[in-house]
Amino acid sequence: PIALTVYPWLPSSQNSMVAGLGASLAIAGESAQFRWRPRDQFGNLILKATFPTLPQFSFSPAGRIAAPSVASDGDGTIIATYLATVGGEYFLSVLLPGTSVQGTGWNVTVTASVFSA
């Protein structure tokens with residue numbers, strides 16, 4: 001018998017999971033967070049070791065997101081935190097070493113901050 005190791009491939013938008021309020025809604029001036037659990041086209045979980053570097057997330061329009069950070073919790077889940085500075089509609093996409101992951105991306109609504117008197 002021959003031992004065969006199968007590694008997952010690039011993330012698939014249909015099989016990957018996004019969770020957390022920050023994936024769809026944020027408040028300007030407040031930190032937002034979401035989790036991305038990437039899986040390949042066959043449903044295999046993509047662990048951090050598969051990526052040469054952690055994925056990054058890109059917001060469009062650019063220049064209105066402060067302090068973006070990405071971390072791995074060790075089980076393949078990517079945790080993204082960001083601070084939107086201006087309310088509006090954004091498109092968020094996943095980047096792997098400079099390349100957008102085909103089919104990934106979603107809309108995020110950032111509302112103006114709430115003031116209390």
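Residues are numbered from 1 along each chain as its sequence is written, and side-chain values use heavy atoms, with hydrogens and water left out. Because the model is predicted, local features need pLDDT of at least 70 and side-chain atom pairs count only at pLDDT 80 or more, whereas totals for chains, interfaces and linings use all residues.

Begin by colouring the chain by pLDDT, the predictor's confidence in each residue, from 0 to 100; the chain mean is 84, and 88% of the residues reach 70 or more.

Next select the open sheet of four strands, whose order is 1-3-6-5 with antiparallel pairing, two strands being paired if DSSP finds at least two bridges between them. Its edges are strand 1 (17-19) and strand 5 (65-72), each of which pairs on one side only. Within the sheet, strand 3 (residues 31-37) and strand 6 (residues 78-84) pair over six bridges in the antiparallel sense, and serine 31 stands opposite leucine 83 in strand 6.

Finally, centre on valine 18 in strand 1, which is partly exposed at 34% relative accessible area (between 20%, under which a residue is buried, and 50%, over which it is exposed; 1.4 Å probe, protein chains only). Leaving aside residues up to four places away in sequence, valine 18 touches Ala23, Phe34, Arg35, Trp36 and Trp106, contact meaning heavy atoms within 4.5 Å. Valine 18 and tryptophan 106 lie 88 residues apart in sequence and 9.7 Å apart in space, C-alpha to C-alpha.

Notes:
Helix = DSSP H or I, 4+ residues; strand = E, 2+ residues; numbered from the N terminus.
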